[in-house]
Amino acid sequence: MDILRTKSVEQSIRDTEAPEHQLRKRLTAVDLTIFGIGVIIGTGIFVLTGQVAKLTAGPAVALSFVVAGVVCGLAALCYAEFASTIPVAGSAYTFSFATLGEFPAWIIGWDLMLEMALAAAVVAVGWSGYFASLLNSIGLPLPAAIAGDDPVVNVPAMVIVFILTAVLVAGIKLSSRVNTVIVAIKVGVILLVILAGLFFVKVANYTPFIPPSVPTEQVAGLKAPLIQVLFGITPVSFGVIGIFSAAAIVFFAFIGFDIVATAAEETINPQRDMPRGIIGSLVICTILYVAVSLVVVGMQKYTELSTSAPLADAFTAVGQNWAAGLISLGAIAGLTSVVMILMMGQTRVLFAMCRDGLLPRRMARVHPKFGTPARLTVIIGVVSALLSGFISLGALAELVNIGTLFAFVVVSAGVIILRRTRPDLPRAFRTPMVPLLPILSVLACLYLMLNLPVETWLRFLIWMVLGAVLYFAYGYRHSRAARQDAGQAPTA
């Protein structure tokens with residue numbers, strides 16, 4: 001059983017030329033950068049900044065965002081090398097197939113399914129909450145049965161998923177244009193909030209910039225961080241250690257830049273534009289995060305910040321109630337683009353897996369008019385709509401985080417492996433300081449994974465076991481690479 005058979009880079013690129021599985025190349029570096037900003041910036045910029053400042057880092061939360069941005073930057077450099085060298089749909093799945101082999105690639109693809117599908121549903125539920133709140137503020141409340149904290153069926157979440165599914169089916173360029181408009185709205189709101197907030201900043205609120213450290217209360221049982229269970233290390237709030245503890249939290253506000261890599265096959269000049277899109281979007285988002293965090297802790301003393309809506313409440317505290325509605329508008333725009341790009345990334349990963357025969361190949365056929373994997377897009381849309389409409393997802397949200405970090409670890413290690421196995425491969429972009437930088441990326445991501453609760457690890461392991469069972473029940477026997485090795489025609 002050759003479950004570690006690899007797929008050459010050349011074969012991966014040849015597979016993109018088959019007419020029935022050929023995606024249209026329409027995207028530029030600007031499109032990719034906007035996709036990255038669209039998926040990275042969600043409600044975290046309006047909520048997470050204040051929460052972490054009050055509970056973990058104080059005014060030094062800006063430094064936590066810088067640390068988290070650097071950690072993400074290490075992984076982003078690894079993604080940039082892979083995406084420009086292997087410009088094929090699938091992101092970490094495709095990269096793993098070229099370096100680690102078929103079964104590890106399947107596990108990564110299965111992991112990405114969990115990350116993106118679950119994340120799209122979670123974010124759609126958040127979008128519904130902001131949308132219902134905005135309608136309520138203008139005197140048009142929605143019935144509690146279809147929207148709110150505990151609806152019978154979350155109708156707004158399902159509707160936005162179906163609308164975005166239609167946009168994604170209609171073509172990657174239309175999706176890019178819609179995303180551009182949405183991103184312009186939310187970045188405009190963020191910039192306006194930053195500029196308006198500057199007029200109410202008090203320098204005294206920045207003192208002490210790094211508050212004295214305080215041990216956090218230990219959490220027992222399955223909810224305890226794995227690092228506490230294994231090593232007895234309890235996270236610390238405030239102080240220098242608090243800055244790094246906060247970085248482990250705000251890191252998750254950066255998740256999403258990796259999804260840019262799933263669009264490599266639809267990029268006009270991936271060798272040049274993929275690194276620009278991945279790294280450019282991450283740099284822009286880091287600057288916005290740092291600016292927002294500095295404004296919010298300057299407007300209101302960090303000890304007085306609210307944890308539910310810190311930025312809106314900071315404006316209310318200085319008598320600027322107009323900001324609350326504006327922030328809700330920015331959050332709605334932000335979450336709209338996040339849902340759309342997560343769904344797009346999910347379909348591209350599944351598309352690559354179907355094309356390789358690990359899932360039914362007929363699902364990977366491209367629509368003759370729109371040039372998109374329409375069947376898969378509709379399937380993902382229906383599944384995401386059902387999840388967001390009928391299932392409470394709060395307890396499962398952290399699975400998104402561990403799934404993303406696991407993919408980062410594999411991609412970072414894969415750069416080292418491919419440098420050794422294929423030193424001759426043309427690389428338009430080369431990750432600097434290999435193997436040191438990828439090793440640092442692996443260690444940083446593993447540290448953040450250790451800070452996640454034990455119950456999250458258990459759920460993740462259960463999902464991985466289910467994936468392994470499915471691979472040996474279907475994927476291994478229908479694998480295109482396996483059938484080619486045996487001289488057989490690929491299955492339909």
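Which residues in H5 meet which residues in H6? The legends below start there. This is a predicted model, in which local features need pLDDT of at least 70 and side-chain atom pairs count only at pLDDT 80 or more, while totals for chains, interfaces and linings use all residues. Residues are numbered from 1 along each chain as its sequence is written, and side-chain values use heavy atoms, with hydrogens and water left out.

**View A. Helix H5 against helix H6.**
Ala92, Tyr93, Ser96 and Phe97 in H5 meet Glu102, Ala105, Trp106, Ile108, Gly109 and Leu112 in H6. Contact means heavy atoms within 4.5 Å. By class, this contact has seven nonpolar, two polar and one charged residues. Ala, Val, Leu, Ile, Met, Phe, Trp, Tyr, Cys and Pro count as nonpolar, Asp, Glu, Lys and Arg as charged, and the others, Gly among them, as polar. H5 covers residues 92-99, and its axis lies 7 Å from that of H6, at an angle of about 170°. The two helices are therefore roughly antiparallel. Axes are lines fitted to C-alpha atoms, for helices over the stretch in contact, and angles run from 0 to 180 degrees between N-to-C directions. Angles under 35 degrees count as roughly parallel, over 145 as roughly antiparallel, 65 to 115 as roughly perpendicular and the rest as oblique. Helices (H or I, at least four residues) and strands (E, at least two) are DSSP runs, numbered from the N terminus.

**View B. Helix H4 against helix H5.**
The axes of H4 (residues 61-85) and H5 come within 10 Å and cross at roughly 75°. H4 and H5 are therefore roughly perpendicular to each other. Tyr79, Phe82 and Ala83 in H4 meet Ala92, Phe95 and Thr99 in H5. The contact has five nonpolar, one polar and no charged residues. Ser91 sits in the loop between H4 and H5. Its phi is positive, about 55°, although Ser91 is not a glycine.

A cavity is a set of points on a 1 Å grid over the protein atoms alone where a 1.4 Å probe fits but cannot get out; a pocket is an open set with protein on both sides within 12 Å along at least five of seven lines; lining residues have an atom within 4 Å of a point. Grid points are joined across faces, edges and corners, and a volume is the space filled by probe spheres set on the points. The count comes to one cavity of 30 Å³ or more. The largest cavity holds about 60 Å³ of space. Its lining includes Lys7, Asp15, Phe97 and Arg355. H1 (9-15), H5 and H13 each supply at least two lining residues. By class, the lining has three nonpolar, two polar and four charged residues.

**View D. The second largest pocket.**
This pocket has a volume of about 290 Å³. Of its 15 lining residues, Met113, Leu114, Ala117, Leu387 and Trp463 lie nearest its centre. The lining has 13 nonpolar, one polar and one charged residues.

**View E. Two cis peptide bonds.**
A cis peptide bond joins Thr207 and Pro208, with omega about -5°. Pro208 lies in the loop between H8 (172-198) and strand E1 (214-215). The bond from Val434 to Pro435 is also cis, with omega near 10°. Pro435 lies in the loop between H15 and H16 (436-450).
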